[in-house]
Amino acid sequence: PHDTCQELIMSCRVRRLSNLTDPDIEGLAAVLFDCVEGGASVGFMHPFTGLDHLAAMLAVGLWSALTQTGRRMLAAPFAFAGLLLVGAVVGLGLGAQGLAVPGVEPMVAASVLVLGLVAAARWRLGATASAALVGAFAVFHGLAHGAELGGGAALVGMVLATALLHAGGLALGLKLRALAPVWSRAAGGAIALLGLGLLTRLVIA
């Protein structure tokens, strides 16, 4: 879909819209629809294809449900999704210019480790502080995503997938909150171990 979208853009640049025939317009509209639909689906699937992103997004919801109540449970997930989008837009812009922010992958791995640990420990922070912590990590996740995705529709799909993963983490946290603490420690610990493994792999590499 990405190559076809580029061809569509070039076609619109080369030819004035006023000179297009009806079949041309119908064809361009069909390709444009495929670009939007394909880009959104690619963006939606992207967080599910990497364990680091998937684990971090689940951990945000898990930690929120274990340590917050009421509307405050949504503070960190909303902050993560919003700043993820900001980071992705910045990453997309930098990528278009051939630029990149250093240290993105280590920060993504570190976020998995830290979020797993705070969930396992049920570390209680205020809603604002929790949002600030996960939001800082979300920017780096967004930079990584934005450099890999190709446009607005893909970013919308990515945010929708992020919300779904946060909801899954919240549901899991609410379930574990009613059980013995050992279960939430095990869930958070597993995420933290994944983050430690990712960081170790980066150091060795």
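## Aromatic pairing

This structure, a predicted model, holds 1 aromatic pair, where pairing requires that the ring centres of Phe, Tyr or Trp (its six-membered ring) lie within 6.5 Å. The pair is formed by Phe 44 and Phe 48, with 5.7 Å from centre to centre and 40° between the planes, and it is classed as tilted, the class left over once planes under 30 degrees apart are called stacked and those over 60 edge-to-face.

Phe 44 has a relative accessibility of 28% and therefore counts as partly exposed, and Phe 48, at 29%, likewise counts as partly exposed; buried means under 20% relative accessible area, exposed over 50%, and partly exposed in between, with a 1.4 Å probe and protein chains only.

## Basis of the model

In this predicted model, local features need pLDDT of at least 70 and side-chain atom pairs count only at pLDDT 80 or more, whereas totals for chains, interfaces and linings use all residues. Residues are numbered from 1 along each chain as its sequence is written, and side-chain values use heavy atoms, with hydrogens and water left out.

## Overall architecture

The protein has 8 helices and 0 strands, and its elements follow the order α-α-α-α-α-α-α-α from the N terminus; helices (H or I, at least four residues) and strands (E, at least two) are DSSP runs numbered from the N terminus. Of its 205 residues, 40% count as buried, and the protein exposes about 10800 Å², of which carbon and sulfur atoms supply 70%, as computed by the Shrake-Rupley method with a 1.4 Å probe.

Among contacts (heavy atoms within 4.5 Å) with a separation of 6 or more, 88% are between residues 24 or more positions apart.

## Packing of helices 3 and 4

Helix 3 (residues 51–67) packs with helix 4 (residues 75–96) at an angle of about 155°, their axes being 9 Å apart, where axes are lines fitted to C-alpha atoms over the stretch in contact and angles run from 0 to 180 degrees between N-to-C directions. Helix 3 is therefore roughly antiparallel to helix 4, a term for angles over 145 degrees. Met 57, Val 60 and Ser 64 of helix 3 make the contact with Ala 76, Pro 77, Phe 80 and Leu 84 of helix 4.

## Surroundings of Ser 130

Ser 130 lies in helix 6 (residues 127–148) and is buried, with a relative accessible area of 4%. Leaving aside residues up to four places away in sequence, Ser 130 touches Trp 63, Gln 68, Ala 76 and Leu 125. With the side chain of Gln 68, the side chain of Ser 130 makes a polar contact at 3.5 Å, a term for a pair of N or O atoms within 3.5 Å, of which, within protein, one must be able to donate a hydrogen and the other to accept it.

Terms used
Parallel < 35°, antiparallel > 145°, perpendicular 65-115°, else oblique.
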